[in-house]
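The structure is shown first.

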Amino acid sequence: MDSRTYTVHQIYQDRRQYRVPFYQRAYVWNREEQWEPLWVDIQEKAEIRLQGGKPVPHFMGAVVLEPQKKAGLLGVERHHIIDGQQRLTTLQYVFKALCLVLRELDQKALLPLVENCLVNANPETMEDKEVERFKLWPTFRDREQYIKAMTAGDIDKLKERFPDSFTRGGTLKKIGADHPPALEAICYFREVMLEWAREPDAEPLPERTSALVSAVLTDLAIVCISLGEEDDAQVIFETLNGRGAELHATDLIRNFIFMRAGTDADDLYATLWSQFEAPLWAEQQKRGRLNRPRLEWFVQTAVQAQTGEEIDIGRLYAGYRRCVEGDAALSSAGDQLKFLNRYAEHYRALVTGTGSSPIAEFGRHMSAWDASPTHPLALRVAAGALPADEQAAVFEAIESYLVRRAVCGLSRKNYNKVFAQQLKKLTDSGGDAKSFRRALAELSGEASRWPTDDEFKKQWLSGAVFPGRLDAAKLRFMFHRLEVAMRSAKSEERVVLSLDDLDIDHILPQTWSTHWSLADGSMVSAQEVGDARLLSLTATELTDKAKAIAQREASVPTIGNLTMVHYGVNRSVQNKEFAVKRQALFEHSNLQLNRTLTATSLWNEAEIQKRAEMLFEHALRLWPRSSA
């Protein structure tokens, strides 16, 4: 390894090309965080030179380069940028902006010095002139806009090539435009350089532009670490980036894989990695307080599915390395990419709910349940040897477990541990659906048990679910499942459309005292309802009227009193008496959930209980529990 400090002019003066390996991330530096501070440093050095001083070089950090062997006489020297591509790319944009400024100000004496940092000479001795002429060759994600920007001779050519980025007046749009980074960077540096050079009452242009060129070429310094043949590029990369760096864990993982890919790297990237560059994997996904790209959650899930061990998302890279280095079947880059692809197919179906596979259906059912603790187990099942019907049976058991515990008001805090234990058992035994259901049924204690039929029924009939134990998304899911189950083979529409746009309605309203009487026909005031609520919490004995009010209040948030209706219907009859609601449902609803309501003449606590029991018969078939 060779480590030296160079000025940027020294870095770029030789006939060589710095290449960003295709598997590295795209250019991400921006104006506020990097370009503006860099310009402040350049401007400061130029000002010192104008005042006759000798600036101390500004240290821009380090870059790690891996020299590539040259096959023959033709071509330029190539160095792969292992670390520092953002710095080296930004300097190219600075050089380009400086060239534009020198031309616009007609100060061309120093122009060849700057252009020499952008373009390699003697194209007739290059293997690929279109590529090797550039001093820096970016990753493919940046390549098209990089070439368009870096080969534009003036600002007018930039406007011609990027018309969507400019206003009619010729300025870069500030609102409603997502500019290519190359264009935005070049335009920013050009603008601030022109403004500085044209300051009123300043030194003559030749002096100012000379100071500016000197500041850029000789007053910016970078430490270049050039690796030898025995140096491990990945170890160096991790040392610089693996501990609290900006890079995502998956950037480190990608580099770990492809630094070991050898001559197969291009093919492996095109066939097995490129899918992970799709927008689906870059989307930010929040779990608790953590917000990470979906690709990170996927890799964590895949590693857990493979090993049966829990992996801390904060130490994902270390967990990934333990996984592949401890498994001889994952020793090569190709094996690792095949392993990720095998799980990716199932993970995509799980999180998008698309397709007809058992895991896709499970994903559709679980989308409202924040069921991420089940994902490693689900991947292991989907990627394993179980036939489709056995997979579906495992997923049905998980769904039943989650639904029953939610209806019974049991905590979900222990789910990571519960499903990690089940995954471990499945990994060790390779069991079938029957053994999985048995293991789930054997769990005990409030934090992990699977509620029995008796407990499930009791809470289904009397539990306060909404508002209460279930949020709107979970309740809509349950009603959708019930609605489908209630439709017969002779129904015109066997599968109901989404209920997401419907309102959850309390048939007996939460504010019921205005239009609804008690069973004895007496009306009560809102004040009496409030008093009865307080007494039910504090008094040992209640009056008959207070008991009736308390019973009425307790029935309002139960499943038997809840349904789904069009939002327009709900808002028009929200707190009205039952006769009005029933007529609205008769006229506008075609849900089986509401069919019995339209045939009922009154609505009270007894009818609520009766409907809950009817719905429970379907719930018991949808979410069964096997005995231990």
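## Charges over rings

In this predicted model, the charged end of Arg552 sits over the ring of Trp512, at 5.0 Å from the ring centre.

## Aromatic pairs and a cluster

A pair of aromatic rings is described by the distance between the centres and the angle between the planes. The count of aromatic pairs in the model comes to 33. One of them is formed by Trp281 and Tyr347, which are stacked, with 6.1 Å from centre to centre and 20° between the planes.

Tyr401 and Trp450 form a pair with another geometry: the ring centres are 6.4 Å apart and the planes stand at 65°, over the 60 degrees that the class requires, so the pair is edge-to-face. Here too distant parts of the chain are linked, with Tyr401 in helix H19 and Trp450 in the loop between helix H21 (433-441) and H22, 49 residues apart. Tyr401 counts as buried because its relative accessibility is 0%, and Trp450, with a relative accessible area of 2%, is buried as well.

Trp281 and Tyr347 also belong to one aromatic cluster, which they form together with Phe140, Phe258, Tyr269, Trp273, Phe276 and Phe298.

## Helix H23 and its surroundings

Helix H23 (residues 472-486) has 15 residues and reaches 21 Å from its first C-alpha to its last, close to the 21 Å expected at 1.5 Å a residue. The N-terminal end of H23 is capped by Asp471, of which a side-chain oxygen lies 3.2 Å from the backbone nitrogen of Ala473.

The buried residues of H23 include Leu475, Phe477, Met478, Phe479, Leu482 and Met486, and among them are also the charged residues Lys474, Arg476, Arg481 and Glu483. What covers these buried residues includes the helices H17 (358-366), H19 (388-407), H22 (453-462) and H29 (605-622), along with the strands E9 (503-506) and E10 (562-565).

## Asn594 in a loop

Asn594 lies in the loop between helix H27 (578-588) and helix H28 (595-598), and it is buried, with a relative accessible area of 2%. The side chain of Asn594 makes a polar contact of 2.9 Å with the side chain of Ser589. Leaving aside residues up to four places away in sequence, Asn594 touches Thr563, Met564, Val565, Leu585 and Ser589.

## Strand pairing

An open sheet of six strands has the order E1-E6-E3-E4-E2-E5, and its pairing is mixed. Strand E1 (2-7) and strand E5 (136-137) stand at the edges with a single partner strand each, so one side of each is left without a neighbour in the sheet. Within this order, strand E3 (residues 58-67) and strand E6 (residues 220-226) run parallel and are joined by six bridges, and the bridge partner of Val63 in E6 is Cys224.

Strands E7 (residues 284-287) and E8 (residues 290-293) run antiparallel and are joined by four bridges. Arg287 has Leu290 as its bridge partner in E8. The two strands form a hairpin with two residues between them, and Gly288 in the turn has a positive phi of about 65°.

Conventions. Residues are numbered from 1 along each chain as its sequence is written. This is a predicted model: local features need pLDDT of at least 70, side-chain atom pairs count only at pLDDT 80 or more; totals for chains, interfaces and linings use all residues. Side-chain values use heavy atoms; hydrogens and water are left out. Two strands pair if DSSP finds at least two bridges between them. The expected span of a helix is 1.5 Å times one less than its number of residues. Buried means under 20% relative accessible area, exposed over 50%, partly exposed in between (1.4 Å probe, protein chains only). Contact means heavy atoms within 4.5 Å. A polar contact is a pair of N or O atoms within 3.5 Å; within protein, one must be able to donate a hydrogen and the other to accept it, and residues adjacent in sequence count only if both atoms are side-chain atoms. Rings of Phe, Tyr and Trp (its six-membered ring) pair if their centres lie within 6.5 Å; planes under 30 degrees apart count as stacked, over 60 as edge-to-face and the rest as tilted. A charge sits over a ring if NZ of Lys or CZ of Arg is within 6 Å of the ring centre and within 35 degrees of the ring normal.
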